[in-house]
Amino acid sequence: GNEVTCKVEITDCRKTPPVPQLTTEEVMNLLKSQQYAETITFSAGACNALGKQFMDLNEFTYGGSSCKVDYNLNTKKCSLQISGQKGASLWLDGQCGKGCKFDELQFLDLQQVSISAHQGVGVRFKTADDASCKQYCSTDVDIPSSCPGNFVCSRDCKCWPESCVCTIKHKCEVGNRMFRSGKTKNRNVYKPDNNTVQDTIQLPRVMPVLNKGMTFINTKHKKKQKKGNKNLRKTKEMQNRIKK
């Protein structure tokens, strides 16, 4: 019978991939340290899954980041780019309050807070959790203040999974005109090839948990209590002398 011969010629064939094929762990480490990684996957779905897997790790406490995924159908190259972290600082400053720099906040003790808690919006500082913030307005301890007498201690706490911004304000009782004032000094840029599949995985901002409270601190009551204790001691001393 008649024979048909078909000749197939392949040109411009790549003998090696354009980038090395990395393990999943290597991709995760690169995204964490450099916010960029590229590897070889054999489908757009597998490439996208790498981006989703990294975003599920919650490496970015405050959210707001995104992972751009580019997959080239011809070369099988999978490129992942993390973005949005630079904007986190400005967003946190806004959450912290007017004129506040989140990265400059420090941990303060009761005495440090008392110096200027009566001024302006109060004192903003870091605490480990909401319970720590509550202690700065607790009646269980002697709360120092620049107010000369009674005052209302209010707190406002914004908490993320790893840290809180605590704001303490002392409002002096009406009639207290004088203060003892004090002041404290306070990449790679990837350009996708043609014939690519693109996707962006968004991670929303992690909004803080808000807690507020207010406590009236009666300093006059403490003074009377101390005076009462002195009178009680004098009475006991006189009784002892009479018995003798």
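Student: How many helices and strands does the protein chain come to?
Tutor: This is a predicted model, where local features need pLDDT of at least 70 and side-chain atom pairs count only at pLDDT 80 or more, while totals for chains, interfaces and linings use all residues. Residues are numbered from 1 along each chain as its sequence is written, and side-chain values use heavy atoms, leaving out hydrogens and water. Helices (H or I, at least four residues) and strands (E, at least two) are DSSP runs, numbered from the N terminus. The tally for the protein chain is 6 helices and 8 strands.

Student: What percentage of the 244 residues count as buried?
Tutor: Buried means under 20% relative accessible area, exposed over 50%, and partly exposed in between (1.4 Å probe, protein chains only). Among the 244 residues of the protein chain, the buried share is 36%.

Student: Are the buried residues of helix 2 on the same side or on opposite sides?
Tutor: The buried residues of helix 2 are Cys47, Asn48, Leu50, Gly51, Phe54 and Met55. Taking directions from the helix axis to the C-beta atoms, they cover an arc of only 145 degrees, so they lie on the same side. An α-helix has 3.6 residues a turn, so residues three or four places apart point the same way. The answer for helix 2, then, is the same side.

Student: Which residues form one aromatic cluster?
Tutor: Rings of Phe, Tyr and Trp (its six-membered ring) pair if their centres lie within 6.5 Å; planes under 30 degrees apart count as stacked, over 60 as edge-to-face and the rest as tilted. The whole structure has 3 aromatic pairs, and one of them is Trp91 with Trp160, edge-to-face at 6.3 Å centre to centre and 70 degrees between the planes. That pair links helix 3 to the loop between strand 5 and strand 6, 69 residues apart, while Phe102 and Trp160 have ring centres 5.9 Å apart and planes at 85 degrees, so that pair is edge-to-face too. The cluster is Trp91, Phe102 and Trp160.
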